[in-house]
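The sequence and the coordinates are shown first, and the description follows.

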Amino acid sequence: MEAKQKTWFQKFRQQRAIQAFVWAGMIYLVIFNLIPMFGLIMGFKDYNISSGIRGIFTSEWVGLKYFKEFVTDYKFGRLVRNTVALSVLKIIFSFPLPIIFALMVNEIHNLKFKKVLQTCSYLPHFISWVIISNIAYQFFSQAGIINTLLQTLHITGGPVGFLTDPGKFWGLAVFLDVWKEMGWWTIIFLAAITGISNDYYEAAQIDGASRMQRIWYITLPCIKSTIVVVLIMTMGNLFGGGLSGSNFEQSYLLGNSLNAATSDIIQTYVFDVGLSQGRYAYATAVGLIQSVISVILIFVSNFVSKKLAGSGLF
Amino acid sequence: MKAKLISGKRRRSREDWIMDSVIYVLAVIILFMTLYPFYFVFMLSFNEGMDSSLGGIYWFPRKFTLVNYGKFFNDLKWLRALLVTFLRTLVGTALGVAFTTLVAYALSFKDLVGRKAYMTFVIICMYFSGGIIPYYTLLRTLHLLDSFAVYVIPGMLSLFYITIGRTFFEGIPASLRESAKIDGAGELTVFARIIVPISKPFMATLALFTGVGHWNNWYDSTFFIKTKTLRTLPYLMMEVINQNQAPSDLNAASHMGTNTTTLSVQLAAMVISVLPIIFVYPFLQKYFVTGMMVGAVKE
């Protein structure tokens, strides 16, 4: 035992330069990631910001006071509903559409056009939500292009309040999420499709399979494992907004006092009560509820992933 | 093989014909829907602001002008924001790439004492966080709030790229390092002279993604900065939306004496903010598929 410990220590000393790099990283993580995790206990405490980080540990315990306060808040119901609704809608639309688009792109035989289509479809992924929201304000405002078009074609009588009507926010958010991220997530599915051996298709062609049949019986089954992996990643970030995690940015940038009834989510509420109103302990407690649900989802996804795809996230 | 398949494709059946038509039509619609909004903003930024607010412009500027850009470049507020954004992107990317690469490289050593524990810790930090409020408290305690450092220090270590980088560095043969060490080089020299030159694909990917992230970030300027002179370009663009809660107001605020409006200058700012991304886009494209694939396989 002693000899082993000595070699362990000797080895450590031998690699001290490398260990120094590692420790620089680990200390950084302790400060910027681990300490905030411990900071979560302030959700159970009567915390005052002026006491700084130390105050997290020294302030009075108040138990579940803030949790009870949030659950009985009049906004509770709508915050939970909006968070869940936006997340689920994004899974329903933002997840399958890249797969369909990938199948479609794969069927294009004009290589130049295919390349142009792909290149352009990734572009919005790299543009920030601030700019996308600005563009959305241009297009969907009362006098914007979309409303002009709808009225010219006599689809609607008057302008539609896409940005102000609470009934339109979910649709708008999901549409913009798909618009921005569809091309990007297509990459991963297209790469999987490219990996499928040509032999399958040739054999199917000889057997007289139609193109639709080839897609349905060869392409889709062959990329099944990729689909499962991406779906699991999406589930792990369900309440962040799935694939692209866009819930917060969308609600913050596109939400306003007029559509608040459907655009307020738990995350924006945390920012509002925490950073704007300065109710740190309460906001932490609210955030913690979502974090706990997310952690459970990550573990469940990981478990399912290990069962279905053979490998998990960790 | 592939060529044979394509040339071997017999007469196009009716099904082929219908499918191709549907696919190409859809593809053109998607292409148009993706590109037109960008074109629209670009085109409208060259139109006189007051005239734009009347609407009805879809394809070409009605009253062509460069005054929106003139206004942008003559306004200290926008110029300063542009400079801050540029600086944070530059400094943030340099620091982020250096630190992340170094840690990822160190963690790639197979005989590293405590390697498993380190990696477990990294993974825990990657998936779990304390949330925004404890994080804010931390930044406050560290006196990072309301300083330029808040842009570049907290995001220095990208955990996702540590896992990718580690896999990348594991692929480098150990003999390469050892030969240099026999010649008496220290670990840092080995890293700088041997590892960095052959890690260009990884570092380029990391730099591009970190850089775009910094350039686009509106979040920390919004929540962690109060000093007006430290605002970033994305923040200012965000502010315009937030101030005009009722979107139709966007057009109303005209500037006295000029033909620009808040909106028309905003459009110029948007174009200026998107241009660098379009510029690095070809490079991004070269690397991102590999970058993303490695991550996907890992996960």
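## Domains of chain A

The domain bounds used here come from an automatic or database domain assignment. The model is a predicted one. Within chain A, domain 1 covers 2-58 and domain 2 covers 66-308. Between the C-alpha centres of domain 1 of chain A and domain 2 of chain A there is a distance of 36 Å. Their contact involves seven residues from domain 1 of chain A and seven residues from domain 2 of chain A. On the domain 1 side of chain A, the touching residues comprise four nonpolar, one polar and two charged.

## The interface between the chains

Chain B contributes 75 residues to its contact with chain A, and chain A contributes 78 residues. On the chain B side, 55 of the residues are nonpolar, 14 are polar and six are charged.

Apart from neighbours within four places in sequence, B:P37 is in contact with A:I135 and A:F139. B:P37 counts as buried because it has 20 C-beta neighbours inside 10 Å, and 20 or more are required.

## The largest nonpolar core

The largest nonpolar core has 130 residues, and the members that touch the most others are A:V270, B:V103, B:A106 and B:A269. Helix α10 (residues 169-194) of chain A supplies the largest share, with 13 residues. Both domain 1 (2-58) and domain 2 (66-308) of chain A give at least three residues to this core. When residues up to four places away in sequence are not counted, B:A269 touches B:F72, B:W78, B:L233, B:L236 and B:M237.

## Helix α10 of chain A

The 26 residues of α10(A) should span 38 Å at 1.5 Å a residue, and the end C-alpha atoms are 37 Å apart, so the two values agree. A kink of about 45 degrees is centred on A:E181 in α10(A).

## Residues with positive phi

Most residues other than glycine have a negative phi. A:H154, which is not a glycine, has a positive phi of about 60 degrees. A:H154 is placed in the loop between α9 (145-152) and α10 of chain A. With 7 other C-beta atoms within 10 Å, A:H154 is exposed.

In chain B, B:D146 also is a residue other than glycine with a positive phi, near 60 degrees. B:D146 belongs to the loop between α7 (132-141) and α8 (149-152) of chain B. B:D146 is partly exposed, because 14 other C-beta atoms lie within 10 Å.

Definitions and conventions:
Residues are numbered from 1 along each chain as its sequence is written. Chains are lettered from A and ligands numbered from 1 in the order in which they are written. This is a predicted model: local features need pLDDT of at least 70, side-chain atom pairs count only at pLDDT 80 or more; totals for chains, interfaces and linings use all residues. Two residues are in contact if their C-beta atoms, placed from the backbone, lie within 7 Å. Ala, Val, Leu, Ile, Met, Phe, Trp, Tyr, Cys and Pro count as nonpolar, Asp, Glu, Lys and Arg as charged, and the others, Gly among them, as polar. A nonpolar core is a set of buried Ala, Val, Leu, Ile, Met, Phe, Trp, Tyr and Cys residues joined through C-beta atoms within 7 Å. A residue is buried if 20 or more other C-beta atoms lie within 10 Å of its own, exposed if 12 or fewer, and partly exposed in between; C-beta atoms are placed from the backbone. Helices (H or I, at least four residues) and strands (E, at least two) are DSSP runs, numbered from the N terminus. The expected span of a helix is 1.5 Å times one less than its number of residues. The bend at a residue is the angle between axes fitted to the seven residues ending there and the seven starting there.
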